[in-house]
Amino acid sequence: MDKKRILVCRFHHESNDFNPVLTTLDDFYSAGVYFGEEVLKGDSRGATINGLVDSLMRDDVDLKGGVYLNSPSSGGPIDNAVYEFFINKTIDVIKNLGQIDGIALSLHGATTSNKSQDVCGDILDVIRREVGDKVIISASFDLHANITSKILSNADIICGYQDYPHLDLYQTGFRAGSLLMDKLNGKNLKTVCASVPIIAPAHAYTTFNGELLKVKEYALDLVKQGKILDYTLFQAQPWLDVKEFAATAVVVAEDETVAKQVADHLINIEFNIRSFLQGDALYSVDEVITKALNNKSGKPIILVDSADSPNAGACGDSAFTLEKLLPFKDKLTSAVAITDVPAVEKAFNLGVGAISDFSLGATICNKISHPVTVHDAKIIGLYDGKFILHGPQERGQVEDIGKTAILKVGKIFIHLASYGGKADLAFYSSFGIDPLNCDLVCVKACTSFRAGYEPIAQEICNTSTIGSAGVVLTDLPYKNRPVPMYPFEEVSLLDVKKARRFR
Ligand SMILES: [Zn+2]
């Protein structure tokens, strides 16, 4: 019998519809674009692909690499030309291959373009039309995917990260590959989905404690018992502005009735915990500053500026917290970060030791925040921007935030980078700023920073700031979202879409 031929591709971008700066093909190229065999090579890029390839290689299959486009970070919607580039190249590969038995796609699932509210649905739809109904398509997603009817109608297998923060990239690829092989080998797998129009700000929950940990343990126990084969409870990335928008429970099982029962149960839990998922009330920046002024513990207070988190697709260029801190520049040792290329260039031109006035912030998008002027800032460090992450999540990996300048105004350290980076402890400590010695540290991230900061912090304060990843969702200018949708309107059990099978 001929070997089963499987095509592997990746298209990964998390879009933030409130960030007006389009993500271009050049942005993707800066992180590496690969074709053919290069797509399959295991290395640090895209651990999901590594899991996918490892699981598929356990069978004697004819594995083919297609196209790999990976955005270096979240950001504004993609230029639709990026999608066209990917889909045209992928269809060319499919035509050239002739026979294909299975396709494994590593996608994000919260991807929009300037022409489409559902780029991943479009990708699956076009590929499905090309290959016909018999080819098995397995797609892996981020936990923050917005699983649409177009995705469900075209993918046979859907697997998302079960962890948030996402520590299970490799495992998710492995699950998606294993289920693809099971289906190719004749197992009669059914994928079902139930949904409810609920979104939640990404800082407010994790799957490592609270209600979502209970859900994970319950569902994984069913997998362990063999009642179902796989589950994902997707929390749609909240900064999409799209018509079809919901939290979704996807379950894969051989018994369709059981799959539906479990998906219904998971989505009912989601409905019941909807207010918990919104998180606690936020502090104002002023309240956090007061906490830092009164804090005598010797450990820093962490001001979480998740609204401007580059990892959530925001610009990272807001100087909002800096402006609030300036009146306390002689009282509080603090650290803030702003992505600001013009200020970095100015600092490099002046050199270390120079003292100057700077206009900081709002250089990527001037519609969300405004520039803030600092007087007599001293340039205390200039760097190429490469540093090694402390982890624990990505310990040892090199992060590159481009040319970076450190300014000091009074006791405030201002970290100016060319692009946003992971809010790892090393983001500051590699540039001469020790978070442990600060009274207050501003962190532009949602949840990823916690593993590093929780052990050193006196208190972590989710704070009301401004940015395109704003955490007060009801303040954001949604135009397309469904009505009703929680937390904008109350929803009832009548708004829950019971489990159904699309393929
Ligand atoms: Zn995510």
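Colleague: What is the strand order in the open sheet of four strands?

Modeller: The order is S8-S9-S7-S21, with antiparallel pairing. This is a predicted model, in which local features need pLDDT of at least 70 and side-chain atom pairs count only at pLDDT 80 or more, while totals for chains, interfaces and linings use all residues. Residues are numbered from 1 along each chain as its sequence is written.

Colleague: What makes a run of residues a strand or a helix?

Modeller: Both are DSSP runs, numbered from the N terminus: a helix is H or I over at least four residues, and a strand is E over at least two.

Colleague: What makes S8 and S9 a pair?

Modeller: Two strands pair if DSSP finds at least two bridges between them. S8 and S9 (residues 247-253) have five bridges, so they count as a pair, and the sense is antiparallel. Tyr-231, for example, stands opposite Val-251 in S9.

Colleague: Why is H3 called roughly parallel to H4?

Modeller: The axes of H3 (residues 80-97) and H4 (residues 119-131) come within 11 Å and cross at roughly 20 degrees. Axes are lines fitted to C-alpha atoms, for helices over the stretch in contact, and angles run from 0 to 180 degrees between N-to-C directions. Angles under 35 degrees count as roughly parallel, over 145 as roughly antiparallel, 65 to 115 as roughly perpendicular and the rest as oblique. The angle of H3 to H4 therefore makes them roughly parallel.

Colleague: What is the handedness of the crossing of H3 and H4?

Modeller: H3 passes H4 in a right-handed crossing. A crossing is right-handed if the near helix is turned clockwise from the far one by less than a right angle, and left-handed if anticlockwise.

Colleague: Which residues make the contact of H3 with H4?

Modeller: Two residues are in contact if their C-beta atoms, placed from the backbone, lie within 7 Å. H3 contributes Tyr-83, Ile-87, Thr-90, Ile-91 and Ile-94, and among the residues of H4 are Val-119, Asp-122 and Glu-130. By class, nine are nonpolar, one is polar and two are charged. Here Ala, Val, Leu, Ile, Met, Phe, Trp, Tyr, Cys and Pro count as nonpolar, Asp, Glu, Lys and Arg as charged, and the others, Gly among them, as polar.

Colleague: How do the axes of H2 and H6 cross?

Modeller: The axes of H2 (residues 47-56) and H6 (residues 169-184) come within 6 Å and cross at roughly 35 degrees. This crossing is right-handed. The contact of H2 with H6 has nine nonpolar, nine polar and one charged residues.

Colleague: Where do the bounds of domain 1 and domain 2 come from?

Modeller: They come from an automatic or database domain assignment, which gives domain 1 (5-274 + 496-501) and domain 2 (283-469). Their centres, taken over C-alpha atoms, are separated by 33 Å. In the contact between them, 18 residues of domain 1 meet 21 residues of domain 2. The domain 1 side has eight nonpolar, nine polar and one charged residues.

Colleague: What is the omega of the peptide bond from Val-483 to Pro-484?

Modeller: Omega is near 0 degrees, and the bond is cis. Pro-484 lies in the loop between S20 (459-464) and S21. Tyr-486 and Pro-487 are also joined by a cis peptide bond, with omega about 15 degrees.
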